[in-house]
Amino acid sequence: EETPLDDSLVTIFLKVRPQGDSRTNWLEASLEPAPGADVEMFCGPVGGNSADLPLDPTIASSQAELACGLSSASGDEPLKGFPTRDLVIVSKDGKQAFRNHFYIRYRYRPSQ
């Protein structure tokens, strides 16, 4: 017998840290969800002065790792051949850029 919870959405979060080498300073990432699922790449806001960051200074260090997003200008630099200190990850659609890692929000129904 199925209960209403059997078909509720489940959300999981994953951290993705691609491997690069000294000759590769950027890569392109593309995600394709299973039918009926939803997948999204994300990072925290760029810079440390955003209103989205918590006010509690004791968690500032853990929040700093979440701020892995890049501005579109910084994401374009390696595509133009400019050197970068960090690995740059660009979404396949070119709308997002990340530094060294990014996060995935994956939502699905267990019944699928």
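Biologist: Is E40 buried, partly exposed or exposed?

Modeller: This is a predicted model, and in it E40 has a relative accessible area of 36%.

Biologist: Which residue does the side chain of E40 meet in a salt bridge?

Modeller: To read a salt bridge, look for a side-chain nitrogen of Lys or Arg within 4 Å of a carboxyl oxygen of Asp or Glu. Here E40 meets R105, with 2.8 Å from N to O. E40 belongs to strand β3 and R105 to strand β6, so the pair ties together parts that are 65 residues apart in sequence.

Biologist: Which other residue meets R105 in a salt bridge?

Modeller: D38 does, at 2.9 Å from N to O. R105 lies in strand β6 (residues 102-108) and D38 in strand β3 (residues 38-42), so this pair ties together parts that are 67 residues apart in sequence. Taken as a group, D38, E40 and R105 are linked in a network of salt bridges.

Biologist: How is a pair of aromatic rings described?

Modeller: By the distance of the centres and the angle of the planes. The count for this protein comes to four aromatic pairs. One of them is F13 with F42, which is edge-to-face: 6.0 Å centre to centre, with 85° between the planes. This pair links distant parts of the chain, since F13 is in strand β1 (residues 10-16) and F42 in strand β3, 29 residues apart. F13 counts as exposed, at 55% relative accessibility, and F42 as partly exposed, at 26%.

Biologist: Is the pair of F98 and F102 stacked or edge-to-face?

Modeller: The pair is stacked, because its planes are 25° apart and the cut-off for stacking is under 30 degrees. The two ring centres are 5.3 Å apart. Both F98 and F102 are buried. There is also a cluster, in which ring pairs link F13, F42 and Y103.

Biologist: Which residues make up the largest nonpolar core?

Modeller: The core has 10 residues in all: A29, V39, M41, C43, C68, I89, F98, F102, Y103 and I104. Strands β3 and β6 each supply at least two of its residues. Strand β6 gives the most, with three residues.

Biologist: What does C43 touch, leaving out residues up to four places away in sequence?

Modeller: C43 touches L66, C68, G69, F98, H101, F102 and Y103.

Biologist: What pattern does the protein follow along the sequence?

Modeller: The pattern is β-β-β-α-α-β-β-β, and the protein has two helices and six strands. Among the contacts with a separation of 6 or more, 77% come from residues 24 or more positions apart.

Biologist: What share of the residues counts as buried?

Modeller: Of the 112 residues, 23% count as buried. The protein exposes about 7900 Å², and carbon and sulfur atoms supply 52% of that area.

Key:
Residues are numbered from 1 along each chain as its sequence is written. This is a predicted model: local features need pLDDT of at least 70, side-chain atom pairs count only at pLDDT 80 or more; totals for chains, interfaces and linings use all residues. Side-chain values use heavy atoms; hydrogens and water are left out. Helices (H or I, at least four residues) and strands (E, at least two) are DSSP runs, numbered from the N terminus. Buried means under 20% relative accessible area, exposed over 50%, partly exposed in between (1.4 Å probe, protein chains only). A nonpolar core is a set of buried Ala, Val, Leu, Ile, Met, Phe, Trp, Tyr and Cys residues joined through side-chain atoms within 4.5 Å. Contact means heavy atoms within 4.5 Å. Accessible areas come from the Shrake-Rupley method with a 1.4 Å probe; for residues, only the protein chains shown count as cover. Rings of Phe, Tyr and Trp (its six-membered ring) pair if their centres lie within 6.5 Å; planes under 30 degrees apart count as stacked, over 60 as edge-to-face and the rest as tilted.
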